[in-house]
Amino acid sequence: IGILAPVLLILEMGAMPILFSLGLIFAALIWYRYYVKDRIERNGAIYNVFERLGRRSCEGLDSELRAILKEKGLRKEDPFDEIVTKSMIIDLKERSEFEDIVKDVSRLLSDKLPFTTTEIATQILEGTRIGATPVTRGVALPHFRSEGITAPVMLLVRSKEGVAIKAYNPLTAQEEDARTVNAIFFLVSPEDNPAQHLRILAQIAERVDDENFMKEWFSAKNEQELKEALLRNERFLSLVVREDDMTGQLVNKSVRDISLPEGSLIAMINRDDNIIIPKGDTILDNRDRLTIIGDPKSIDLIRRRFSEG
């Protein structure tokens, strides 16, 4: 009644007062759009509150949230390890600007997403401008969700010399300063699965928070080791095939003929510094380095199987 009664009263006013009021509203919108918008400076108590929160985070709350993420992290069906092992890699040798990296990344992602290179770059840069790209501990995580894909897509960037990424005030969208990062993880997930998207982001954040992560990231000698730095330790095993130890039984065997515990698979093979994504008929050679992923129980069984003796 409170909502409808005033509407009836407005109708009773007649056409001229209503048109006059609409004219005033239209004139005010035009005035704001072409004169006020670029001159306004927003102030208020709420901005001071956010500024204080940004300068001084609550360590107790941060610790509690991290514990929740660890306990309520990835689900069994989340294909995090498969996403990482299938991810694309850019390993930079020189210091770069974030905008330049985005151009190269957009070209690579355009083959896997239903968007043009320009549309992908715009999406990433806009997310960074509005503060939607987390930047912490030398790592940036640009991300968005997309229609037209069925599984998440990831691209990893390493820069030992650093990438300069601009920081923006999320309230005013004004540029504030620039930070240097050594790792950038671009993540694009299906539009219809936002919960999984958040869980993957949380898992990456947890891994990056490990004090050993950046050491492993810098020391990685190839694409395989870069990906392994991001994998969950209890869910992957790096195994070198050698003729003179327990792994010798794998030499000259095809992947399909290797009996592994249920819930595990050979995700990558490093052969003479070349990364091979194995198929069923892929034959293993001496000195191949295998990256095996699976649930913790299966990985433990494989580890014990090939360490006997």
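Helix α11 spans residues 296-307, and it holds both D300 and R304, which sit four residues apart, about one turn of the helix. This is a predicted model, and in it the side chains of D300 and R304 meet in a salt bridge, 3.3 Å from N to O. D300 counts as partly exposed because its relative accessibility is 33%, which falls between the 20% and 50% limits. R304 is also partly exposed, at 48% relative accessibility. Elsewhere, salt bridges with shared partners tie D91, K93 and R158 into one network.

## Salt bridges

How many salt bridges does the model hold? The count comes to 14. As background, side chains of opposite charge can pair when their charged atoms come close. Three of the bridges are set out here.

| Salt bridge | N to O distance |
|---|---|
| D300 and R304 | 3.3 Å |
| D209 and R137 | 3.6 Å |
| R207 and D210 | 3.7 Å |

With a relative accessible area of 27%, D209 is partly exposed.

D210, for its part, is partly exposed, with a relative accessible area of 30%.

## Aromatic pairs

Now to the rings. The model contains five aromatic pairs. One of them joins W31 and Y35: the ring centres are 6.3 Å apart and the planes lie at 20°, so the pair is stacked. Both residues are in helix α2 (residues 15-36), and because they are four residues apart, about one helical turn separates them. W31 is exposed, with a relative accessible area of 52%, and Y35 is partly exposed at 44% relative accessibility.

F213 and W217 make another stacked pair, with ring centres 5.7 Å apart and planes at 25°. The planes count as stacked because their angle is under 30 degrees. These two residues lie in helix α9 (residues 213-219), again four residues apart, about one turn of the helix. F213 and W217 are both buried. Which residues do ring pairs link into a cluster? They are F185, F213 and W217.

The charged end of R33 sits over the ring of Y34, at 5.2 Å from the ring's centre.

## The cavity

Let us turn to the empty space inside. Rolling a probe the size of a water molecule over the atoms shows where such space is left. The count comes to one cavity of 30 Å³ or more, and about 40 Å³ of space lies in the largest cavity.

Which residues line the largest cavity? They are Q123, I124, G127, A132, T133, P142, H143 and F144. Helix α7 (117-129) and strand β5 (143-146) each supply at least two residues of this lining. The most comes from α7, with three residues. By type, the lining of the largest cavity divides into four nonpolar residues, four polar and no charged.

E175 has its place in strand β7 (residues 175-190), and at 47% relative accessibility E175 counts as partly exposed. E175 and R129 are 46 residues apart in sequence, and their C-alpha atoms are 8.1 Å apart in space.

## Backbone angles

Two residues deserve a look at their backbone. Most residues other than glycine have a negative phi. N252, however, has a positive phi near 65°. N252 lies in the loop between β8 (236-240) and β9 (264-271). N252 counts as exposed because its relative accessibility is 59%, over the 50% limit.

R287 also has a positive phi, near 80°, in a residue other than glycine. The place of R287 is in the loop between β10 (274-276) and β11 (289-294).

Definitions and conventions
Residues numbered from 1 in each chain as written. Predicted model: local features only at pLDDT ≥ 70, side-chain atom pairs only at ≥ 80, totals over all residues. Heavy atoms only, no water. 1 Å grid on protein atoms, 1.4 Å probe; cavity = no way out; pocket = protein on both sides within 12 Å on 5 of 7 lines; lining within 4 Å. Points joined across faces, edges and corners; volume = space filled by probe spheres on them. Nonpolar A, V, L, I, M, F, W, Y, C, P; charged D, E, K, R; others polar. Phe/Tyr/Trp six-rings, centres within 6.5 Å; stacked < 30°, edge-to-face > 60°. Buried < 20%, exposed > 50% of the residue type's maximum accessible area, 1.4 Å probe, protein only. Lys NZ or Arg CZ within 6 Å of the ring centre and 35° of its normal. Salt bridge = Lys/Arg side-chain N within 4 Å of Asp/Glu carboxyl O.
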